[in-house]
Every structure is written in C-alpha cells, then in structure tokens.
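Subject: Structure handover

Hello,

Here is the structure for you to take over. My notes come after it.

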Amino acid sequence: MEETVETNSGNYERERVPEKDRKRWLSISMVWIAIGIDLSGMFMGVALSQGMAFWTAIYAVIIGSVILGILAIGATYIGAKAGLSTGMISRISFGKKGASLMGAIMGISSLGWFGVQIGFFAENIGAAINQLTGANTPSWLLSLIGGSLMMLSAFWGYQAIEKLCTYSVPLLAVLIIVATLMSLNRNGTSGLASAPQGSNLSFGLAVSLVIGVYMVGVVMAPDVARWAQNPKQAMIAGFVGFTIGNSFMIIISLILVKVMNTADLTAVFFTLGLGIPSILVLTLAQWTTNTNNLYSASLDFSIVFKNINPKLITIVCGTLGILMAMFGIYGMFENFLSIVTVLVSPIAGIYMIDYFLYKEKYDFSYEEKLQDYYPISIFSWVVGSTVAFMTSQPPAGFGLFTLTNVSALDGILVAGLCYFIVTKLTKGRK
C-alpha cells in the first residue's frame, strides 16, 4: 500500500469513515439542502419567471429536482456503502495513478468555483450593504472576510459543515419564507398570473436548466454520503436533500419575482423592510454552499498529493481561492471552469457502473490488488467527455447536437454506457 501522511484529522480524507462517526439521514440531508440554497438558485428562479408562466415553471422545477434526487440515489448509495470520498472511489474505478488525474480535474473544478463564488458573494453582499447604509465596502475586504469564514469551516471538515448547515437551514428557511409571505400580503397573488417578460423558455429546456444547476453536486455526492449510517439513510438523505435543496430557492425566487414584479431580489428584501435579514440570507446561503466547494477540493487534492497533510491542502486551496477573488481575476476563469466541469460529469457514470459490476473491489481488503490504471475506465471517460463537449453550448463546448439538453447528464450516461459495453465485450478489465 502506498504511504500517506497520517493526520488523525477526523475527516478521513484517504480512508473509510468508521461506523462510529456515521450520521443519520436528516443531518446529512440538511447539508445538501444548505448547499442547494444559494444565489445560483435565486437567479435560476429569475430566469424561469421571465421566460414562462408561473405554474409551468413550478412543474419544470419539481420534475427537474425529482430527476436530480433519483440520480443522487445511486451516487449516495455507493458513497455510503464504500464509506469513501469521490476521489477515493475514483481510485478504485480508475486505478491508483488514474485517480490522480481524476482527482486533479475534480479538484481544479471545485477550487475554481470556490474562488468564483467568493467573488460573486462579495459583489452581491457589497450591493446589499450599500443599499442599506450607503457605504461602499471594498470588494477585496468582503472577499477576504467571506472567503476566510468559508475556509475556516472547510478546515474543520465535515463535522463543522454539518453543524453550520444544521443551524443555518432553519434560519434561512424562516427568513426567506417570511419575506415571501410579506410579499404576498403586500401585493396579493395576482402577479403570479402575469405574462412572462422575457424570451420564451420551452418546458424541456427549463427542466434541463433546473437539473444543470446541481448536476455536478450529484457527481460529488459521495463526499457527503460517506458519512451516512448505511446506504438506506444515504439514499433517503440524497433524494430529500437534492430534491428540496435544488427546488426551494428557485420556487421562492419565482414567487417573489412574479409578486413583486422585479428581478432584483435584494431590492425585494429592502422594499419589505428586511435589509439586514437580506444580508444575513446572502451570507449564510453562500457560506454553506461555497464551504462545500473547498471541502470537496481538499478531498480531491488529498488523492493527488498523497504525502501532504490534508489540513495544509485546505489552507493552500482556500488561500488561492480568496486571492483570486480579492484581485478580481476570478471572472477570467469562468469559461475555463465551465470546460473543466464538463470533464467531471463522466466520472460518476463510470464509478456507478463499476461499483455494480465489481462490488468486491470496494471491500476493505482490496487496496493491495488495485492496478495503477484501468484503460477501459480512461477510455470511457474520454468518450463521455467528448460527447459532453459536443452537446455543451459555447464556450464550454461545441453545441453540435443535443441528447438530454444537460451536457453533464449526457457525460454521465454516455460514459457509463460505454464502460458497461466495453467491459462486457472484453469480459473484464484485465
């Protein structure tokens, strides 16, 4: 077995989560719900409200979120059964050295989005503070404060993330629901029937957009699911967490935009006299979501840099993300990160099929038997990524054709199907 640094961090970056530390489904689902309540969901709600009728949009959100929940069931089952992070599962699926490549891709994606989301947070919280006080707070300062909070909770690992989400989800829900009820009481429900103000969105495209918001979260689901007491608990948590977590903020945004007749949700809070709560919502929403980006990045890079203390990896990654945001260069990486994210999705298709074909490899005693590379896994990942690029719209891809209208889902399905077919044709992976 390869030597790795013993850290006793309690986060089990390079080993299975022991039974004594496993959690029940409710606390785990709270983590996924908290991750889903973010600014991306808010803006998705705005886009849907401007492109389609209210109830049609609601149906699209529900269907898309349920599809995500169903997909999450498979990924969470494997995470709980193996007790391993996504990076460690890729080690079994792709081989000891093959996993370094996959870990680097997943790590770059998660770290990059961590930096982008810090910058996104600084912009929005700065606008809210300005509207409340009239003061212009420097973006670099807000990036430093927000990024440091996110890095601190990621540094202490899953236990800290769980506590943060357990306390923040009820508070977020109360604040957001209060704002919604106040808006309905103020303006009534007539706005819900108003015609869309923007370009029409087809129902299929709307469902695809809803799925796409949280699709990469499904791929990385084992990072959280490994803490579940058993696969059943993980699957329940996954379905509940992804379904509610993805839909809650989108539906709330739909209601607020229609009722208040504005796409500026921060302004909605201020109009209702909820300026300070709006700042709290923005802070908690991005804190809980973006902490998970850094948490996943540190897990992934722990597979790449096997002899470096995982805590140090978290600090380095967090510092890089904060610097990206402080110096305003995070926006330059968004197109690049969209491309890298396309490369992440096929990994899930392969590890899902691999688990159900080769369950014995996920046994505790199999580590010594792992090969450096499994060529069929690498080949299937290349095929899945290529198709995902072809179905992604520029700049992330070429937009040559469509399959499911969700390029990440295309990558998962094609890579998994390719892996299954080639494995059966070659009668194994040797």
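This is a predicted model: local features need pLDDT of at least 70, side-chain atom pairs count only at pLDDT 80 or more; totals for chains, interfaces and linings use all residues.

The largest pocket has a volume of about 1,600 Å³. Its lining takes in 48 residues, and those nearest the centre are W113, G212, V213, V216 and T341. Helix α8 supplies the largest share, 9 residues. By class, the lining of this pocket splits into 22 polar, 21 nonpolar and 5 charged residues.

Cavities

There are 2 cavities of 30 Å³ or more in the structure.

- The largest cavity holds about 50 Å³ of space. N11, E13, A154, F155, W156, G157, S298, P310, K311 and T314 line it. Two or more of the lining residues come from each of α6 (139-155) and α13 (310-326), and α13 gives the largest share with 3 residues. The classes here are 4 nonpolar, 4 polar and 2 charged.
- The second largest cavity holds about 40 Å³. Its lining is made up of M42, L265, T266, F269, S278, V281 and L282. Helices α11 (265-271) and α12 each give two or more residues to that lining. In this case 5 residues are nonpolar, 2 are polar and none is charged.

Helix α16

After the helix comes K427, which has a positive phi near 55 degrees.

S380

S380 sits in helix α15 (residues 375-391). Its relative accessible area is 0%, and therefore S380 is buried. Beyond residues up to four places away in sequence, S380 touches I350, A415, C418 and Y419. A polar atom of the S380 side chain lies 3.3 Å from the backbone nitrogen of Y419.

S27

S27 belongs to helix α1. Is S27 buried or exposed? With a relative accessible area of 16%, S27 is buried, because the cut-off for that class is under 20%. Setting aside neighbours within four places in sequence, the contacts of S27 are Y158 and E162. With E162 there is a polar contact between the two side chains, at 3.1 Å.

A237

A237 is part of helix α10 (residues 231-260). It counts as buried, since its relative accessibility is 0%. Leaving out residues up to four places away in sequence, A237 touches W25, I28, S29, W32 and F242. The C-alpha atoms of A237 and A72 are 9.3 Å apart, although 165 residues separate the two along the chain.

Regards

Key. Residues are numbered from 1 along each chain as its sequence is written. Side-chain values use heavy atoms; hydrogens and water are left out. Helices (H or I, at least four residues) and strands (E, at least two) are DSSP runs, numbered from the N terminus. Buried means under 20% relative accessible area, exposed over 50%, partly exposed in between (1.4 Å probe, protein chains only). A polar contact is a pair of N or O atoms within 3.5 Å; within protein, one must be able to donate a hydrogen and the other to accept it, and residues adjacent in sequence count only if both atoms are side-chain atoms. Contact means heavy atoms within 4.5 Å. On a 1 Å grid over the protein atoms alone, a cavity is a set of points where a 1.4 Å probe fits but cannot get out, and a pocket is an open set with protein on both sides within 12 Å along at least five of seven lines; lining residues have an atom within 4 Å of a point. Grid points are joined across faces, edges and corners, and a volume is the space filled by probe spheres set on the points. Ala, Val, Leu, Ile, Met, Phe, Trp, Tyr, Cys and Pro count as nonpolar, Asp, Glu, Lys and Arg as charged, and the others, Gly among them, as polar.
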